Amino acid sequence: MHRVGSAGNTTNSVRPRKEKRLAYVLSDADDTKHCAGINCLKVLKSTVSNGCDYLFTGSRDGTLKRWALSEDSASCSATYESHVDWVNDVVLAGDSTLVSCSSDTTLKTWNCLSDGTCTKTLRQHSDYVTCLASAEKNSNIVASGGLGGEVFIWDMEAALTPVSKSGEAMEEDCLNGVNGSTNSLPMTSLRTISSSNSISAHTTQGYVPVGAKGHKESVYALAMNDSGTRLVSGGTEKVVRVWDPRTGSKAMKLRGHTDNIRALLLDSTGRYCLSGSSDSMIRLWDLGMQRCLHSYAVHTDSVWALASTPTFSHVYSGGRDLSLYLTDLATRESLLLCTKEHPISQLALHDDSIWVATTDSSVDRWPAEAHNPQKVFQRGGSFLAGNLSFPRARVSLEGSIPVPVYKEPTLTIPGTSALVQHEILNNRRHVLTKDTAGSVKLWEITRGIVIEDYGKVSFEEKKEQLFEMVSIPTWFTVDTRLGSLSVHLDTPQCFSAEMYSADLNIVGKAEDDKVNLAHETLKGLLAHWLAKRRQRLGSQASANGDVLSGKDIAPRSLAHSRVEVDGGAENDSMVYPPFKFSTVSPPSMVTEGYQGGPWRKKITDLDGSEDEKDFPWWCLDCVLNNRLPPKENSKCSFYLHPCEGSAVQILTQGKLSAPRILRIHKVVNYVAEKMVLDKPLDNVNTDGTFAPGLGGHVQHSVVGDGSFRSGAKPWQKLKPSIEILCNNQVLLIFIFRGNPLKRTKFA
């Protein structure tokens with residue numbers, strides 16, 4: 001997904017230097033299912049007897065979900081949607097606060113027992129935030145690490161406390177990349193870990209300090225002990241760094257791995273540490289002795305996930321080799337519990353079961369016997385883990401290749417297939433996609449729905465079948481990074497495409513009226529917000545005795561001198577059928593205002609209370625004021641020449657010009673007039689459609705004098721007279737009563 005930039009303006013600027021992008025994410029699937037790989041898991045145990053346990057999952061689709069667990073089922077009870085990129089990790093801080101981190105460079109906090117509203121956005125990282133760690137017995141402490149090489153310690157109690165600031169201070173924070181009034185973060189809540197310095201607390205308020213680097217390179221894994229007195233971090237430097245937040249000092253650096261460190265665990269006391277690496281090894285460290293006690297060669301590829309039994313006697317491990325192992329840390333005895341079809345990304349123990357997340361969108365629960373793991377070893381099939389990864393030293397106790405103990409999970413939370421391939425069709429309204437299951441679908445992006453599901457067919461063949469010889473400017477881009485279709489709009493490029501209302505089949509609108517596709521799409525996306533906003537403004541105006549002007553927009557956006565009023569929109573509030581978005585599976589809007597950072601929300605969840613500063617100025621200018629950026633090249637030029645070998649006379653004419661889109665029947669009228677033929681009637685069209693551009697696909701239209709036989713189609717009485725060609729492609733054949741065939745080349 002496109003990484004949304006910072007506000008990028010200065011205190012003296014009138015508008016942002018770089019215009020903010022607007023995107024919307026489409027989905028035709030059940031909203032209670034993830035549509036991309038699962039990156040993180042967290043189990044919340046109920047504190048009351050017979051209470052419901054919850055599983056939280058964070059996905060590459062940009063959302064988190066809460067699942068209510070029972071013995072034989074799991075139901076989605078809430079979706080947490082605000083991140084605009086992959087959710088990479090999630091932890092619990094206390095009994096009710098959920099903290100997530102994302103590739104959108106932010107941390108977000110949620111009331112985990114609520115309906116999914118984000119309570120705070122924390123912005124300090126300069127790059128993707130990859131990992132989190134929390135102290136189980138100290139709910140205030142959460143650590144975060146990311147690709148920028150930074151590690152931050154957050155005091156959640158202070159971070160979630162609102163701070164009152166003046167408007168000038170708020171604006172300054174926004175310009176420096178910190179949220180506005182609703183998400184202000186006091187700097188007393190932030191500590192920065194540096195590889196060369198002790199942990200220092202920044203107590204100065206009103207500005208954002210530069211974050212010191214915790215690592216020289218990217219951080220992939222963090223772990224903290226229960227009391228929050230020890231933190232370990234690892235990443236691409238291949239070393240385990242140990243920090244002591246109590247004294248603010250760097251405790252030690254542990255070397256031994258030969259590749260990136262991808263997973264870390266600490267025991268409850270903070271003395272023992274387990275690390276998993278891309279070198280396929282698991283290592284057990286004694287932090288008191290500052291050395292590696294054991295190395296376990298269990299996996300054949302990168303180790304991405306670790307989970308330990310409550311006593312830290314056994315470790316569950318999974319990774320890129322699709323296998324889940326259980327290893328006795330003391331005896332080195334290992335057992336293959338199960339194999340998956342996709343790499344294992346995260347593990348979470350839940351009583352005597354273990355939840356396994358993979359790069360697929362589903363989650364499985366497998367038996368684990370965490371309280372008595374020796375019961376699993378009694379089944380046989382174990383082996384001794386070696387201490388060398390290349391070649392792996394595995395001595396089987398039974399002299400055979402390990403066989404998985406379990407064949408099927410006890411419970412599966414299914415997801416939907418992620419989109420992996422897409423193609424924008426020439427009509428610039430349809431996109432062809434293919435998902436991981438091989439299903440090919442056709443989307444109409446101006447309505448956000450699937451209009452055809454072709455099933456498992458050849459993507460390339462279907463693309464060729466749907467090809468149309470039309471020419472419409474590229475006004476949007478798409479990607480499938482989130483496993484679903486994301487449509488991106490950038491100004492002013494998005495306003496470059498127009499179509500005639502006749503080509504869009506808009507009933508009740510003059511067929512020659514031009515419709516700007518981006519303008520109407522934005523109106524459709526914000527229709528719910530506009531309706532709610534009018535209700536709120538109307539209620540306020542009634543209460544105050546005021547009269548609404550109907551054209552109200554943030555003052556900051558009125559400073560733009562070069563604007564163009566879209567005269568084609570007769571009714572600002574009307575949304576035409578080709579641009580009405582689904583309310584059953586509404587798209588999610590992803591954007592960034594000129595005060596604050598990126599956000600994501602379903603268009604039907606916009607309640608009108610959102611500040612106009614949360615939206616890009618150009619979107620509001622378009623929807624509220626009916627104003628578009630100026631058009632640079634409003635005319636296109638062309639010539640008419642007789643086709644080679646044709647006996648038709650040369651028309652006396654020079655270079656012709658026309659609007660950016662040209663309906664071919666107007667060219668025919670011009671030719672007929674110049675050649676003194678029977679002029680075709682504008683309102684006769686056998687199929688009701690015309691090519692929207694000069695390079696349109698073949699459209700066979702027939703015109704005449706209107707005196708047709710009752711019950712007969714027009715072309716059944718007429719003979720061909722003129723062909724219009726462009727680049728040897730026949731655009732239209734027009735027929736005039738009593739005229740011989742004439743061919744005119746259009747170039």
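1. Leu266 stands opposite Cys273, a residue of strand β20. Strands here are DSSP runs of E with at least two residues, numbered from the N terminus. The model is predicted: local features need pLDDT of at least 70, side-chain atom pairs count only at pLDDT 80 or more, and totals for chains, interfaces and linings use all residues. Residues are numbered from 1 along each chain as its sequence is written, and side-chain values use heavy atoms, with hydrogens and water left out.

2. Strand β20 covers residues 272-277 and is joined to β19 by five bridges, the two strands running antiparallel. Strands count as paired if DSSP finds at least two bridges between them.

3. The open sheet consists of four strands in the order β19-β20-β21-β22, with antiparallel pairing. Its edge strands, β19 (261-266) and β22 (291-297), each pair on one side only. On average, neighbouring strands of this sheet are turned by 20° against each other, direction ignored; the axes behind this angle are lines fitted to C-alpha atoms, and angles run from 0 to 180 degrees between N-to-C directions.

4. Elsewhere, Ser100 lies in strand β7, residues 97-102. Ser100 counts as buried because its relative accessibility is 0%, buried meaning under 20% relative accessible area (1.4 Å probe, protein chains only).

5. The side chain of Ser100 makes polar contacts with the side chains of His83 (2.8 Å) and Trp110 (3.0 Å). A polar contact is a pair of N or O atoms within 3.5 Å; within protein, one must be able to donate a hydrogen and the other to accept it, and residues adjacent in sequence count only if both atoms are side-chain atoms.

Notes: Buried < 20%, exposed > 50% of the residue type's maximum accessible area, 1.4 Å probe, protein only.
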